[in-house]
Amino acid sequence: MWDTVVIGSGAGGLGCALHLAEGGAKVLLVEALTYPGGCAGTFSHKGISHDAGATLLSPMGPDNWLPRWLRAHGVELPLHRPDPAVAFRAPGVDVQVPGSRQAWVERLCGLPGAPVDAIRRFFAVQGKVADLLWPVLDDPDLLPPLSGRALGGNLPRVFAAPTLLPLLGRPLLSVMERTGVAGFPPLRMWLDAMCQISVQTSAAEAEAPFALASLDYYFRSPGHPVGGVGALPLAMVRAFEGAGGALRYASRVRGLTRQDDGTWAVDVRGRTEHARTVVANLLPNALADLLGRSTPRLEKLSGDVHTGWGAAMWYLQGRWEGPDVPHWQLIERADAPLHSGNHVFVSMGPPEANGLRTVTASSHVPMQTPPDGPSIEAIQGRMKALLRDRLPELALAGGYSASPRTFARFTRRPGGFVGGVPRWHGLHNYRGMWPRPIERGLYLTGDTMFPGQSVTAAALGGHRVAETILRTL
Ligand SMILES: Cc1cc2nc3c(=O)[nH]c(=O)nc-3n(C[C@H](O)[C@H](O)[C@H](O)COP(=O)(O)OP(=O)(O)OC[C@H]3O[C@@H](n4cnc5c(N)ncnc54)[C@H](O)[C@@H]3O)c2cc1C
């Protein structure tokens, strides 16, 4: 009998499994694929490695939580830390984003026609909110379930109530209008682009505190693991196994049944494993499929996920003769929504011996595409054209595309929904912060659960679920 079976070795499953193992629980982690990481994995096809989804992690400075946690288990994770990490090309804008907020503000203020005072006002608010909220995302003990130490640690946020309270439930656009930056196209486009990749919706709709905090993503020690993003899940696996956890690859769970005594029977690869608790690093409807039934809460969570996105991808190789910046945010048109190939995030690896680099390009795809909406092939074609037009320094030398269907097959996310739950403005965002079971002894973890999307956030959420379980064992 296992204390816990964790289903899936994505960032959330690994964060949960590692904390359970270090807490002394007897843990089995089962993964359908032959490598860990899911959307944050690195796969190999015809001898060439590509990051499946995530390419830029933050916060990953030596003193940040995740590198520190791994080091405590004797595991080092070498990282590339480029500065600037990202450049932004959009109609009328071609700018590199430096690694500090202050330098970015100065650069924006130097753009033609910049409303200098308004930009400074906006970033004064943004900086205050980010400085309050990032520490919470960098220390699992400051999140529910709260310890005595957490109450003290959260005091700065209690005293900051006058800054935070007026922003709760409001869209980012209201802050942009109040400070006077809403009419400055370069910043407006950048804010929309950042909101789309972080809180998964536009600045007009994004919950202000989350959006303001996430704008610091490039300024909080971003990094890319040497050898590909999949080096992070592999490092977490080493820490997990070192802490006594058991991992089985190529072990897809096909069914989950609650036993009369309240324990769980997990049907995996023709065997039945028994556990006191189960953690599913899955989309809510994938968990319902394993149970063979749904629950009102799973229905609600699935409904939230289904308002979200899929991804269109290109996994390419190319020769780069441009500035030494590995990540590029490209926008084709300012007057159209930032998805379906109109906004593409491009990441390049270091040059190989033959001078070629791996190139990963992604764009959001709406999943409720109207019948007259563009096909996935048309979206991929638009992405390729945007790469050609906005990145002329990149000479492509082959590659292949992927779609939500590919994500559904390779990460086993039903429908290929990725990116968690869009953070539309509203007070509903503050429900569900406390990890609680779906039913007795059964938990969900991953980017659809608090604190949500991004590799580090999903790992942190997994840690919080484990902490909740450890209190019950
Ligand atoms: C295109 C794209 C770009 C992104 N870019 C970034 C970025 O730059 N930075 C960033 O921080 N985040 C980024 N993200 C988001 C980030 O990758 C995800 O939020 C995070 O990796 C999700 O982790 P998760 O724990 O929810 O699990 P998942 O990644 O979904 O992993 C779940 C795991 O469970 C396994 N599994 C599923 N079903 C079963 C089963 N029945 N039995 C056993 N195993 C099973 C899967 O194989 C998978 O390994 C990006 C995402 C995408 C799609």
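The side chain of histidine 50 reaches the backbone oxygen of leucine 316 at 2.9 Å. This is a polar contact, that is, a pair of N or O atoms within 3.5 Å; within protein, one must be able to donate a hydrogen and the other to accept it, and residues adjacent in sequence count only if both atoms are side-chain atoms. The model is predicted: local features need pLDDT of at least 70, side-chain atom pairs count only at pLDDT 80 or more, and totals for chains, interfaces and linings use all residues. Residues are numbered from 1 along each chain as its sequence is written, and side-chain values use heavy atoms, with hydrogens and water left out.

Histidine 50 sits in strand β4 (residues 48-51). Helices (H or I, at least four residues) and strands (E, at least two) are DSSP runs, numbered from the N terminus. Histidine 50 counts as buried because its relative accessibility is 3%. Buried means under 20% relative accessible area, exposed over 50%, and partly exposed in between (1.4 Å probe, protein chains only). Neighbours within four places in sequence aside, histidine 50 is in contact with Gly41, Thr42, Phe43, Tyr315, Leu316, Thr358, Val359, Thr360 and Tyr400. Contact here means heavy atoms within 4.5 Å.

The protein chain divides into domain 1 (2-80 + 226-306 + 419-470), domain 2 (99-213) and domain 3 (309-415). These bounds come from an automatic or database domain assignment. The centres of domain 2 and domain 3, taken over C-alpha atoms, are 27 Å apart. Between these two domains, 8 residues of domain 2 are in contact with 8 residues of domain 3.

The ligand comes next. Its shell holds 36 residues, and the closest are Gly12, Glu31, Cys39, Arg413 and Asp447. Helices α1 (11-22) and α15 (404-411) each supply at least two shell residues. By class, the shell has 16 nonpolar, 15 polar and 5 charged residues. Ala, Val, Leu, Ile, Met, Phe, Trp, Tyr, Cys and Pro count as nonpolar, Asp, Glu, Lys and Arg as charged, and the others, Gly among them, as polar.

A polar backbone atom of glycine 12 is 2.7 Å from an oxygen atom of the ligand. For alanine 11, a backbone N or O atom lies 3.4 Å from a ligand oxygen. A nitrogen atom of the ligand is 3.1 Å from a polar backbone atom of alanine 32. Taken alone, the ligand exposes 1000 Å², and the protein buries 93% of that. Accessible areas come from the Shrake-Rupley method with a 1.4 Å probe; for residues, only the protein chains shown count as cover.

Two cis peptide bonds deserve mention. The bond from serine 58 to proline 59 is cis, with omega near 0°. Proline 59 lies in the loop between β4 and α2 (65-72). Proline 144 and proline 145 are also joined by a cis peptide bond, with omega about 0°. Proline 145 belongs to the loop between α4 (116-133) and α5 (148-153).

Positive phi values occur at residues other than glycine. Glutamine 200 has a phi of about 65°. Its place is in the loop between α9 (185-198) and α10 (208-214). Glutamine 200 counts as buried, at 3% relative accessibility. Arginine 269 has a phi near 55°. This arginine lies in the loop between β11 (264-268) and β12 (271-280). Arginine 269 is exposed, with a relative accessible area of 60%.

Proline 225 is found in strand β8 (residues 224-225). Its relative accessible area is 0%, so proline 225 is buried. Its C-alpha atom is separated by 8.8 Å from that of threonine 55, 170 residues apart along the chain. Leaving aside neighbours within four places in sequence, proline 225 is in contact with Leu57, Leu77, Pro78, Leu79, His80, Ala231 and Leu232.

Aspartate 335 occupies the loop between β14 (327-331) and β15 (343-348). With a relative accessible area of 62%, aspartate 335 is exposed. Its side chain makes a polar contact with the side chain of arginine 333 (3.0 Å). The C-alpha atoms of aspartate 335 and arginine 89 are separated by 15 Å, and the two residues are 246 residues apart along the chain.

Key
Near = heavy atom within 4 Å.
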